[in-house]
Amino acid sequence: MPRADADLNEPIAPHIKRDFPRLRLDESIGTALERLRREPPPERVIYFYVVDAEGRLRGVVPTRRLLLSAPETPVADVMLRRVIAIPESATVLEACEFFVTHRLLAFPVIAADGRMLGVVDVQMYTEEILDLQAAERTDDLFQLIGVHLTAAQRRSPILSFRRRFPWLLCNIAGGILAGFLAGAFEAELQKAVALALFMPVVLSLAESVGIQSVSLALQSLHGGRPRWRDLGRQLTTELRTGALLGTACAMLVGAIALIWIGEWSVAASVFVGIAGGVTAAAAVGLAMPVVLHLLRLDPQVAAGPIALALADFIALLAFFLTARSAIGG
């Protein structure tokens, strides 16, 4: 095992900072501030954690609340009771997952009985990244975190359901919308029944290219932070690639349609539907993971369903609009 991977699998214990700013559950804001002035914590202050008489973690007080609350206000009244904590049995890799997932600057570390042992802050996370000198090693860290998180989520069916089902509604909505779209162009389908024969290939090609673009975009997100200003350049490149893929597939399937059916209107509809659908699917597939990441949503779960639903709609719309124009409906 490479040294970097071995470090990631080490226990979190050596990285715990034991001297942290404690607030007591039974004291007031004024008393707490006076005590902190007399006994300032040796480590830098990020969050103020509240413990009870037995040292068990009870909450956290943001600095703003601590400074702006009246001195006589009990600490228990201003603390946040829901605290994200790391168990003492965690590894360095698992702690890194917390920083990636929750985007906080520090986390309390607790024992099995709830006692607070100390704090790990973002310095540990950044040091782990800096220790991985080469860029590909940094990518490995993010891939390890992604794989580990995915494995943990798969162990919980309820958690996986809650993460994945809402985005499947995009596919349901897209399917229903495709049905309405086919109904709106029923006259064209009745005039050229052969159009229905090529709907599956129009949709499958758009969906395949869309999934390819989604996969490539997700890979590019490992270890990197996308920026809005970079999206336009990436979209331009992917649009050109999609146009080449779409044109090549459209020429092949369109020629088959012309030889098989012998109707130029059907061949033209197939050509435009595939060329337009594949081009749009490539752009949507690339953009969706990046946009979701920038909006702080999970692109691994959400990007696929949204991209497929949009690709289906655009491909069918191009297909039917061309059919209406060519057939004269």
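## Basis

The model is predicted, so local features need pLDDT of at least 70 and side-chain atom pairs count only at pLDDT 80 or more, while totals for chains, interfaces and linings use all residues. Residues are numbered from 1 along each chain as its sequence is written, and side-chain values use heavy atoms, with hydrogens and water left out.

## Salt bridges

The structure contains seven salt bridges. The term means a side-chain nitrogen of Lys or Arg within 4 Å of a carboxyl oxygen of Asp or Glu. One of them joins Asp121 to Lys17, with the closest N and O atoms 2.7 Å apart. Asp121 sits in strand S6 (residues 116–121), and Lys17 sits in the loop between helix H1 (3–8) and strand S1 (22–24), so this pair ties together parts that are 104 residues apart in sequence. Helices (H or I, at least four residues) and strands (E, at least two) are DSSP runs, numbered from the N terminus. Asp121 is buried, at 4% relative accessible area. Buried means under 20% relative accessible area, exposed over 50%, and partly exposed in between (1.4 Å probe, protein chains only).

Arg37 and Glu34 form another salt bridge, at 3.8 Å from N to O. Both belong to helix H2 (residues 29–38); they are three residues apart, which means a separation of about one helical turn. Arg37 is exposed, at 59% relative accessibility. Glu34 is partly exposed, with a relative accessible area of 38%.

Which residue meets Asp113 in a salt bridge? The partner is Arg115, and the N to O distance is 2.9 Å. Asp113 is partly exposed, at 46% relative accessibility. Arg115 is also partly exposed, with a relative accessible area of 36%. Elsewhere, salt bridges with shared partners link Asp52, Glu54, Arg56 and Arg58 into one network.

## Aromatic rings

There are three aromatic pairs in the structure. A pair of aromatic rings is described by the distance of the centres and the angle of the planes. Rings of Phe, Tyr and Trp (its six-membered ring) pair if their centres lie within 6.5 Å; planes under 30 degrees apart count as stacked, over 60 as edge-to-face and the rest as tilted.

Phe198 and Trp260 have ring centres 5.6 Å apart and planes at 65 degrees, so their pair is edge-to-face. Phe198 lies in helix H10 (residues 195–221) and Trp260 in helix H11 (residues 228–261), so the pair ties together parts 62 residues apart in sequence. Phe198 is buried, with a relative accessible area of 4%, whereas Trp260 is exposed at 55% relative accessibility. For Phe319 and Phe320, the centres are 5.4 Å apart and the planes lie at 55 degrees, so the pair is tilted. Phe319 and Phe320 are both buried.

## A charge over a ring

Arg22 lies over the face of Phe20, 3.9 Å from the ring centre. The cut-offs are NZ of Lys or CZ of Arg within 6 Å of the ring centre and within 35 degrees of the ring normal.

## Around Ile86

Ile86 is found in strand S4 (residues 86–87). Is Ile86 buried or exposed? Ile86 is buried, at 0% relative accessibility.

Leaving aside neighbours within four places in sequence, Ile86 is in contact (heavy atoms within 4.5 Å) with Ala95, Phe98, Phe107, Pro108, Val109, Ile110 and Val120. Ile110 is 24 residues from Ile86 along the chain, and their C-alpha atoms are separated by 6.3 Å.
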